[in-house]
Amino acid sequence: MVVAIVSTVVVFTAIGWVVTHAPGWPLVQRSFFDAEEFRDALPDSIARLRINVQLFVIAEALILVFGLVLAVMRSLPGPVFFPIRLMAVAYVDLFRALPGVLVIFILGFGVPGLRLEGVPKDPFVWAVVALTLTYSAYVSEVYRAGIESVHPSQEAAARSLGLSRFQALRFVIVPQAVRRVIPPLLNDFIGLQKDTVLVSFVGVVEVFRTAQIKQSAHFNFTPYLATALIFIVVTIPLARLTDWLVARDRRSQLRGGVR
Amino acid sequence: MTGPNPARNPAPNPGPNPALRIEGVHKSFGRLEVLRGVNLEVAEHEVVCLIGASGSGKSTLLRCINLLEPIDAGQIVVAGQEITAPDADVDAIRRRIGIVFQAFNLFPHMSVLGNITLAPIRVLKRSRADAEVAATALLERFGLADKRGDYPDRLSGGQQQRLAIIRALAMEPDLLLLDEVTSALDPELVAEVLEIIRELAGQGMTMVIATHEMGFARDIADRVCFLDGGAILEEGPPARIFGSPQEPRTRQFLARIVAAGRL
């Protein structure tokens, strides 16, 4: 323990000394780590983070529902449901193939540009729609993996009690599937949290756009570093929570044995 | 070898409307033919035990009766209704036929009470309160009342299988299928499960039981069917099947069981 602490301090001090004594360091420090710029940028950026959080929360709620609908559509058995399965597969293939930023541009600029009656012109709305469409494709695959991981004997038990196919999914399979995929879902949401900055491209002034405005005004990159810090602070707890849930699952599986 | 079980009436005669009638049932998985023309009639209140080596088709036959596997040919009639007809209401039929599996197949995300009440609430549309009262009564009857709030993984194997039987009974089935229900249990837990089945037999439950417990089959069955190669090779009262089997294959099978110390 003591050795670990000492060696860690020594190594990091040495790295710090080498970096700050490199010939280009003063230039780097002025451009990226300017204390005054940092103090100026951080409060505004944090205030603007509100937009990203709103975007994230609304999109996440929609994605959780839409992704599950897609996964269930794709899990419906039998020839009658073939068209439904085909639709779900086509959708997932399409939106996993498209770069998210492309969808954001097409919807964020394209749809308001049509000037259709009754269609919202707020780029924020289209940003939510674009992220939901894109991420639902990924999330539905996570759900589907969960649904397929539930042993067929569970469906047999449910059906043998007289539950319909849909009731078996609703009460027996999906609840078990969702429990199993919470860690990978959180992983996707870490991605979503970061991708909320993409909507700055269609004119939503959120945390990244705020930093961009300041950067071009003062020709200093410190506001970006402030934004980076914000994302690190917000994302790491979610990442640790995911790790903890995975570890807890593994422990309960080891203890519980065959379920 | 003992005579007929004194606790039960002599084998009832299947009447014009037997509880279950199986005619010429064939079932293949790919190129493997598992059932090659099974014929069987089970009267109301009758207990029929299916015995035979692993792979002889016992489990598949039970799964076909519950429509968990579609059959390739033949027909299955339950209480006068042909359940294998193309327009049969599968969910309605399954409601009346309970099945208990070798591996329990309990719902791990639900409590003991939740496992029992799911189908009565969702399928029979009982109120939650009514379903819970009925479930609690069953739990008390079978000695699991103190477990009602626990999750299945907290129960012993024997308790889990008793719960699976209770879950099937909560639907008040006319016919109960038991698929090697003690095969996954530690030897010391087998008795508590067999005890429940014995009690159900005593109350007149119509049952078809696939089992490797020959002593149990001899005690409880009104009739024993020996399956071999996907068909019933020999059937009759337990005393005759175990005492003086006619078919060489039956004799061979029972000799192996005796040699293994299981009869």
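Predicted model: local features only at pLDDT ≥ 70, side-chain atom pairs only at ≥ 80, totals over all residues.
H3(B) and H4(B) sit oblique to each other, a label for angles that are neither under 35 degrees (roughly parallel), nor over 145 (roughly antiparallel), nor 65 to 115 (roughly perpendicular). Helix H3 of chain B covers residues 112-122 and helix H4 of chain B covers residues 128-141, and the two pack at an angle of about 130° with their axes 9 Å apart. Axes here are lines fitted to C-alpha atoms, for helices over the stretch in contact, with angles from 0 to 180 degrees between N-to-C directions. Helices (H or I, at least four residues) and strands (E, at least two) are DSSP runs, numbered from the N terminus. Residues count from 1 along each chain as its sequence is written, while chains are lettered from A and ligands numbered from 1 in the order in which they are written.

On the H3(B) side, the contact is made by B:Leu113, B:Ile116, B:Thr117, B:Pro120 and B:Ile121. H4(B) brings B:Arg128, B:Ala131, B:Glu132, B:Ala134, B:Ala135 and B:Leu138 to this contact. Residues are in contact if their C-beta atoms, placed from the backbone, lie within 7 Å. Sorted by class, the residues of this contact come out as 8 nonpolar, 1 polar and 2 charged. Nonpolar covers Ala, Val, Leu, Ile, Met, Phe, Trp, Tyr, Cys and Pro, charged covers Asp, Glu, Lys and Arg, and polar takes the others, Gly among them.

Chain B as a whole has 9 helices and 10 strands. Its radius of gyration is 18 Å, which agrees with the value near 18 Å that a compact globule of 263 residues would have. That radius is taken over C-alpha atoms, and the globule rule is 2.2 Å times the number of residues to the power 0.38. Along the principal axes, the C-alpha atoms of chain B fill a box of roughly 55 × 45 × 40 Å.

Now for the sheets of chain B. One is an open, antiparallel sheet of 4 strands in the order E2-E1-E4-E5, where pairing takes at least two DSSP bridges between two strands. Its edges are strand E2 (32-42) and strand E5 (81-82), each of which pairs on one side only. Inside this sheet, strand E1 (residues 20-29) runs antiparallel to E4(B), joined by 5 bridges, and B:His26 has B:Ala73 of E4(B) as its bridge partner. Strand E4 (residues 73-78) in turn pairs with E5(B), antiparallel again, over 2 bridges. B:Val77 stands opposite B:Glu82 in that pair, and B:Val78 has B:Gln81 as its bridge partner. The hairpin of E4(B) and E5(B) has 2 residues between the strands, and B:Ala79 there takes a positive phi near 50°.

The other open sheet has 6 strands in the order E6-E7-E8-E3-E9-E10, with mixed pairing. Strand E6 (97-100) and strand E10 (231-236) of chain B are its edge strands, each pairing on one side only. From one strand to the next the twist averages 20°. Strand E3 (residues 47-51) and strand E9 (residues 223-228) of chain B pair in the parallel sense over 4 bridges, and B:Ile51 stands opposite B:Phe226 of E9(B).

The C-alpha trace of chain A spans about 75 × 65 × 25 Å along its principal axes. Helix H5 (residues 100-113) and helix H6 (residues 123-149) of chain A cross at roughly 145°, their axes coming within 9 Å, and this crossing is right-handed. Among the residues that meet are A:Val103, A:Ile104 and A:Leu107 in H5(A), and A:Trp126, A:Val129 and A:Leu133 in H6(A). The contact of H5(A) with H6(A) divides into 11 nonpolar, 3 polar and no charged residues.

Finally, the two chains touch through 18 residues from chain B and 18 residues from chain A. On the chain B side, helix H2 (90-96) and H3 each supply at least two residues. That side of chain B has 10 nonpolar, 3 polar and 5 charged residues.

Definitions and conventions:
Left-handed = near helix turned anticlockwise from the far one by under 90°.
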